[in-house]
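Dear colleague,

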Amino acid sequence: MKKLSFILIVLVALAGCTNKQERSNDKPHIVATTGMLFDAVVNIGGDKITAEAIMGPGVDPHLYKATQGDLAKFNQADMIIYNGILLEGKMSEILKKLGKQKPTVAAAESIPKEMLKSAIGYKDAYDPHVWFDVSRWKYAVKAISEAIISLDSTNQQFYYDNTRRYLSQLDSLDQYVKVRIKSIPENQRILITAHDAFTYFGDAYGMRVEGLQGISTVADFGLKDIAELIDLIIQNNIKAIFVETSVSEKSINAVVTGCKEKGHNVRIGGYLYSDAMGEFGTDEGTYIGMFRKNVETIVNALK
Amino acid sequence: MDAFWIILTGSLVAVSCAILGSFLILRKMSMVGDAISHSVLPGIVIAFFIAGSMQSIWMLVGAGILGILTTFLIEFFHQKGRLQTDASIGVTFTWLFALGVILVTYYAGNAHIDQDCILHGEIAYVPIDLIYDSNGNAIGPKAVIILSFVLGLILLFVVLFYKELFITTFDASFAKVVGISTNKWHYALMGLVSLTTVASFESVGAILVVALLIAPAAAAYLITNQLKVMLLLSSAFGILSAFFGYWLSYLVDGSIAGAMVTVAGIIFAICYFIVRFKK
């Protein structure tokens, strides 16, 4: 027993000597959880900050598993920006608590509560996929901007100008999406996807949205859901349905096959970015590029 | 300091699980941890309906009640239905999990409810999930405090009632002769198992708990046939898994729980080969 406790003490002592990574400069370092938030941070902060994203391209934030390095990222951050509204699951809860030690900002929670869609009428359960309506997302961008300014007030003007420029880009994106969606014939404006991530999109741009799976990516879909979707597709003579990059396409294939059996040809209209964006550095790796790409995919398939 | 807290948390879970796991192996009930990890789902959903929120405390209560119900049902089917324990475990947890899935899809299809999102914690975040005193000073990681309490309870239980646990585990008929109720001790032990698993799920996630409940105790079981030695050895294996697992995850920048379980598996393999080639 004595030997054992000695070994224990040595092990724990050894564990204490971790190496700490030094940061190379003294710019504020901001860590964002999702790619959408990271993109807003980079656009506002420019070269006056350094930024890092926790979840890479194609990662489902609902199911994200932390790695050893993520903790170091959180620890080195001067500020942490996360979506909130339980998009990150239990991670949001912990980041909220971490707010006692360093600024943590739940960007999407700055959106007025009455603009959020409640999932089933319970007070804590809102749909977290707010970035698919540009006007709602602008609240999040403004919240990020305010947070960055409060962190580094010496460059206030710089951030302010960047924010204004970014917001006007978002405005023109908003206009562009409205125009493009209007080019789809009115009775064809039905968006069918695997996972219910596009509720706000439909609400803002006048499309009826039907998802197979519900908000949670692990809740299974029922056979009745598939049957109802197939009926809806045939009744409305819908040409295409969509697959999402971060969700398996198995379930949506079942719908395509079901329609074929009933003699209606519906095709897969393409891949939509939903919970994650494209590779960093590509056009689809930015919020605006990703959004445009989605709209093009939808319009080309349904027109 | 982060490494210290994570390894300490891992070790606390490991020792709790190793002690309980040793008894579970001897009673042929190792998979009860895995069973509880699934069967808590209806508890979470019902707790969400009653409380109307996803606060951890309600989820813990719901999960805890279902954990105890699970162990109760397993024993009930085993004794009254004369099922083998493995079949009894299988029937109980799949049924409860299925019930949970139906509840989620039927009533809460649009809300984000599942164990992964709501109940299961992540050991990587232990050092930043702190408890504060009334002045706002950090006392220490929440998981370390909760799990120390759980481990203390287990140690107290095993040290005080070692004789009863020993007799009911190895010789139930002798226990009856000397007037020790096997049922009472069984339910006490299983109550402790569900408390430990649910509290640990909340702090460090499911896979780590399920694995540490089995692998270290199984490795110790290969080496010794004395209960006391088995308890000490399995605890030591658990601590080693936590320690080397952390550094493995550091090396590959991977999941910490995954790495700890990998090391626990390697320790089991080493024990197996040692025992095998000694003979």
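In this model, which is predicted, the domain assignment of chain A gives domain 1, covering residues 2-176, and domain 2, covering residues 183-302. Where these two meet, 23 residues of domain 1 of chain A are in contact with 23 residues of domain 2 of chain A. On the domain 1 side, the elements that contribute two or more residues are α2 (35-45), α5 (134-151) and α6 (156-182) of chain A, and the largest share, four residues, comes from α2(A). Sorted by class, that side of domain 1 of chain A has 11 nonpolar, six polar and six charged residues.

Turning to chain B, helix α2 (residues 32-39) and helix α11 (residues 206-223) of that chain pack with their axes 8 Å apart and at an angle of about 160 degrees. Because angles over 145 degrees count as roughly antiparallel, α2(B) is roughly antiparallel to α11(B). In this contact B:G33, B:D34 and B:S37 of α2(B) meet B:A206, B:V209, B:V210 and B:L213 of α11(B), and the classes represented are four nonpolar, two polar and one charged residues.

One residue of chain B also deserves a look, namely B:F237, which sits in helix α12 (residues 227-252) of chain B. B:F237 counts as buried because 26 other C-beta atoms lie within 10 Å, where the cut-off for buried is 20 or more. Leaving aside residues up to four places away in sequence, B:F237 touches B:A18, B:P216, B:A219, B:A220 and B:I267.

With best wishes

Notes. Residues are numbered from 1 along each chain as its sequence is written. Chains are lettered from A and ligands numbered from 1 in the order in which they are written. This is a predicted model: local features need pLDDT of at least 70, side-chain atom pairs count only at pLDDT 80 or more; totals for chains, interfaces and linings use all residues. A residue is buried if 20 or more other C-beta atoms lie within 10 Å of its own, exposed if 12 or fewer, and partly exposed in between; C-beta atoms are placed from the backbone. Two residues are in contact if their C-beta atoms, placed from the backbone, lie within 7 Å. Domain bounds come from an automatic or database domain assignment. Ala, Val, Leu, Ile, Met, Phe, Trp, Tyr, Cys and Pro count as nonpolar, Asp, Glu, Lys and Arg as charged, and the others, Gly among them, as polar. Axes are lines fitted to C-alpha atoms, for helices over the stretch in contact, and angles run from 0 to 180 degrees between N-to-C directions. Angles under 35 degrees count as roughly parallel, over 145 as roughly antiparallel, 65 to 115 as roughly perpendicular and the rest as oblique.
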